[in-house]
Amino acid sequence: MTRAAVAVGRRALFKDIVARMEQWNVSALPVLAGDGRVIGVVSEADLLPKEEFRDSDPDRMTQRRRLGDLAKAGAVTAEELMSTPAITVHADATLAEAARIMALKRVKRLPVVTAEGVLEGVVSRGDLLKVFLREDHELADEIRREVLDVLFPAPAEPLHVIVVDGVVTLTGKVTDGTRIPLAERMVRAVEGVVGAGLPSDGGLTDEG
């Protein structure tokens with residue numbers, strides 16, 4: 001996540017919000033209460049109704065259907081513009097959990113908060129993708145240490161980890177073949193792994 005998170009207070013004015021988004025090249029800003037708690041988020045989508053309805057006179061059906069957007073078209077402060085409650089993620093959440101929330105809620109940025117809701121930083125889609133820049137040798141070392149050494153401390157023969165462009169292949173024979181599916185799941189859960197070879201592809205095999 002980015003710890004130097006840009007945010008605004010509830011009384012921030014429309015033009016100041018737009019200027020801050022432009023300055024920091026972000027599409028959304030957390031809105032904070034006086035104690036630092038995240039109480040909402042102002043996004044570009046919250047700001048656009050002001051331009052959309054600037055010189056229009058919506059009919060009654062549109063007024064009923066777009067009541068929230070029409071209210072935001074007349075809003076001037078962050079408190080009036082923000083979407084609430086804010087969609088946030090806790091600092092101890094995994095990257096997979098953050099990615100799942102982003103996908104389900106269709107947001108590009110998530111405020112990262114403490115248990116009390118105080119802003120700690122912001123995680124973006126770009127932050128989540130950076131994990132796939134991990135070096136192959138770094139992934140191999142972690143898989144060997146956190147997966148193979150834990151599940152197969154006494155293999156039938158030396159086990160090997162091959163990582164090419166984030167794709168992992170495990171080779172060798174193990175004494176307890178029932179743990180092979182678990183090994184595959186654990187490998188796929190390692191942050192930065194793009195894919196993992198199946199045992200049927202010539203990977204880990206049971207000695208028996």
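**The open sheet in its setting**

This is a predicted model. Its protein chain has nine helices and 10 strands. The radius of gyration is 24 Å, well over the 17 Å that the globule rule gives for 208 residues, so the chain is more spread out than a compact globule. Along the principal axes, the C-alpha atoms fill a box of roughly 75 × 40 × 25 Å. Of the 208 residues, 41% count as buried. Take the contacts between residues at least 6 apart in sequence: 53% of them join residues at least 24 apart.

Now to the sheet. Three strands make up this open sheet, in the order β4-β5-β6, and their pairing is mixed. The edges belong to β4 (89–90) and β6 (119–124). Each has a single partner strand, so one side of each is left without a neighbour in the sheet.

Look next at how β5 meets β6. Strand β5 covers residues 109–113. Its pairing with β6 is antiparallel and runs over five bridges. In this pairing, R109 stands opposite S124 in β6.

A helix joins the picture here. Helix α6, residues 95–105, packs on the sheet. This helix touches β4, β5 and β6. The direction of α6 makes about 135° with that of β5.

What about rings, elsewhere in the model? The count of aromatic pairs comes to zero. A charge does sit over a ring, though: K50 lies over the face of F14, at 5.0 Å from the ring centre.

Definitions and conventions. Residues are numbered from 1 along each chain as its sequence is written. This is a predicted model: local features need pLDDT of at least 70, side-chain atom pairs count only at pLDDT 80 or more; totals for chains, interfaces and linings use all residues. Side-chain values use heavy atoms; hydrogens and water are left out. Two strands pair if DSSP finds at least two bridges between them. Helices (H or I, at least four residues) and strands (E, at least two) are DSSP runs, numbered from the N terminus. Contact means heavy atoms within 4.5 Å. Axes are lines fitted to C-alpha atoms, for helices over the stretch in contact, and angles run from 0 to 180 degrees between N-to-C directions. Rings of Phe, Tyr and Trp (its six-membered ring) pair if their centres lie within 6.5 Å; planes under 30 degrees apart count as stacked, over 60 as edge-to-face and the rest as tilted. A charge sits over a ring if NZ of Lys or CZ of Arg is within 6 Å of the ring centre and within 35 degrees of the ring normal. The radius of gyration is taken over C-alpha atoms; the globule rule is 2.2 Å times the number of residues to the power 0.38. Buried means under 20% relative accessible area, exposed over 50%, partly exposed in between (1.4 Å probe, protein chains only).
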